[in-house]
Structures are given as C-alpha cells and as structure tokens.
Amino acid sequence: MIAALSPLDAREAQDRAWALNWVDSGAGLYRLAKPATPDVHLVSYFLLVDGDYILLVDHIKAGLWLPTGGHVEPDEDPVETVRRECLEELGQPAVFLLDAPLMVTVTKTVGMTAGHTDVSLWFALQGERSAELTFDGSEFLALRWFAKDDVPFGRSDPELSRFLAKLHKTLRRGVTTLGHPTEL
C-alpha cells in the first residue's frame with residue numbers, strides 16, 4: 001500500500017522511503033500497548049469531505065484539530081481500520097472517495113502522548129455536513145466542519161495542509177471511486 005503511493009513532494013518521498021524501510025526491517029507495525037509500545041506504529045487517518053468543507057475533531061490528548069482515525073490493530077488492513085474507526089468515532093459507515101490511501105506521513109506525536117512516531121496512511125471519505133454525526137466524547141472535545149479557507153492550520157496536524165493540497169490536486173484530475181470529482 002505504501003509502495004503504491006506517488007509522493008506529492010520531497011517530504012512525502014522521504015516519509016515514504018522511511019516507512020518502506022521500517023516495514024522491510026521486520027519491526028512491529030502495530031501498537032501493542034497504550035500509549036506507545038512500540039514507539040513507532042501504523043495509523044489510519046481519514047478526512048471526511050463535503051464540497052469545500054472538511055470534518056475535523058478537537059482531539060483531547062493531542063490538543064489539536066485532527067482528522068479522525070486510529071491505530072491499526074494487529075493483522076488488520078488499514079482500510080478496515082478506517083471502516084472500524086468511522087463507525088466507532090462518528091457512528092457512520094465509511095464511504096471512500098479514493099480506493100487507497102492518498103498519502104503517507106511519518107510524524108512525532110504531540111500533546112499527552114508526545115514522543116512516539118505515527119506512520120500515518122491518509123484516506124479521503126465522502127461526508128455530508130447535514131448528516132447526524134455522533135462522536136466519542138472520551139477522545140474528542142468537539143467535531144466541526146471547516147470551510148477550506150477556515151481550517152485552523154496553526155492548531156492541527158502539521159501535515160494537514162499538504163494532504164489537502166494533494167487531495168485537491170487528485171480530485172481536480174477526477175480520480176475518485178464515486179465517478180465524479182468533489183469540490184475542495
């Protein structure tokens with residue numbers, strides 16, 4: 001899955017190469033104990049998109065507005081992680097905009113669980129601002145749809161702007177599983 005990604009820029013090429021070396025090393029890929037054992041583990045992030053809006057959650061432990069997502073469980077496919085987490089965190093099934101992750105990042109975490117490294121696969125999902133969403137109050141303070149010009153980049157994942165740029169570029173080419181591009 002990681003090898004199939006076409007990097008957006010030199011940073012993603014570097015993260016992709018690092019992640020592939022990590023996978024090839026035989027190291028454990030999955031978090032086995034909270035908060036960070038092993039200290040590098042695989043995460044599936046997903047961003048709900050509705051036109052020019054994206055859904056972010058105010059994550060309690062990170063202290064940031066983040067896409068939803070979670071740790072990939074042992075022997076779980078990252079796509080299944082997205083399906084599981086979407087139901088757990090938002091109370092709705094995942095509707096994928098793209099057949100595969102769009103991006104990979106390697107990021108040191110911040111907040112209450114600072115110090116470990118997430119290798120994150122970023123997915124894009126179709127969202128609906130009018131849909132009734134529930135959220136996990138033990139993980140999030142709030143959820144909110146942000147217009148593309150109002151995304152709080154100063155208080156979000158440092159790679160979010162790059163993901164949105166890559167998503168915009170991809171959707172402008174019309175590459176989606178729905179057969180039609182979304183705005184963004």
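Predicted model: local features only at pLDDT ≥ 70, side-chain atom pairs only at ≥ 80, totals over all residues.

Entry 1, a loop residue. I looked up D75 and found it exposed, because its relative accessibility is 74%, where exposed means over 50% relative accessible area, buried under 20% and partly exposed in between, with a 1.4 Å probe and protein chains only. D75 sits in the loop between β4 (68-71) and α2 (78-90); helices (H or I, at least four residues) and strands (E, at least two) are DSSP runs numbered from the N terminus. I also noted that the phi of D75 is near 65°, a positive value in a residue that is not glycine.

Residues are numbered from 1 along each chain as its sequence is written, and side-chain values use heavy atoms, with hydrogens and water left out.

How many aromatic pairs does a search of the whole structure find? The search returns 5, counting rings of Phe, Tyr and Trp (its six-membered ring) whose centres lie within 6.5 Å, with planes under 30 degrees apart taken as stacked, over 60 as edge-to-face and the rest as tilted. One of them is Y45 with W122, edge-to-face at 4.6 Å centre to centre and 75° between the planes. Y45 belongs to strand β1 (residues 40-50) and W122 to strand β6 (residues 117-126), so this pair ties together parts 77 residues apart in sequence. Y45 is buried at 11% relative accessibility, and W122 is buried at 1%.

I then looked up W65 and F146, whose ring centres are 5.1 Å apart with planes at 80°, so this pair is edge-to-face. It links distant parts of the chain, with W65 in strand β3 (residues 64-66) and F146 in strand β7 (residues 140-147), 81 residues apart. Both W65 and F146 are buried. I also recorded that Y45, W122 and F163 form one aromatic cluster.

The chain has a mean pLDDT (the predictor's confidence in each residue, from 0 to 100) of 90, and 93% of its residues reach 70 or more. Over residues 176-182 the pLDDT is below 50, yet this stretch has 19 contacts (heavy atoms within 4.5 Å) in the model beyond near neighbours in sequence.
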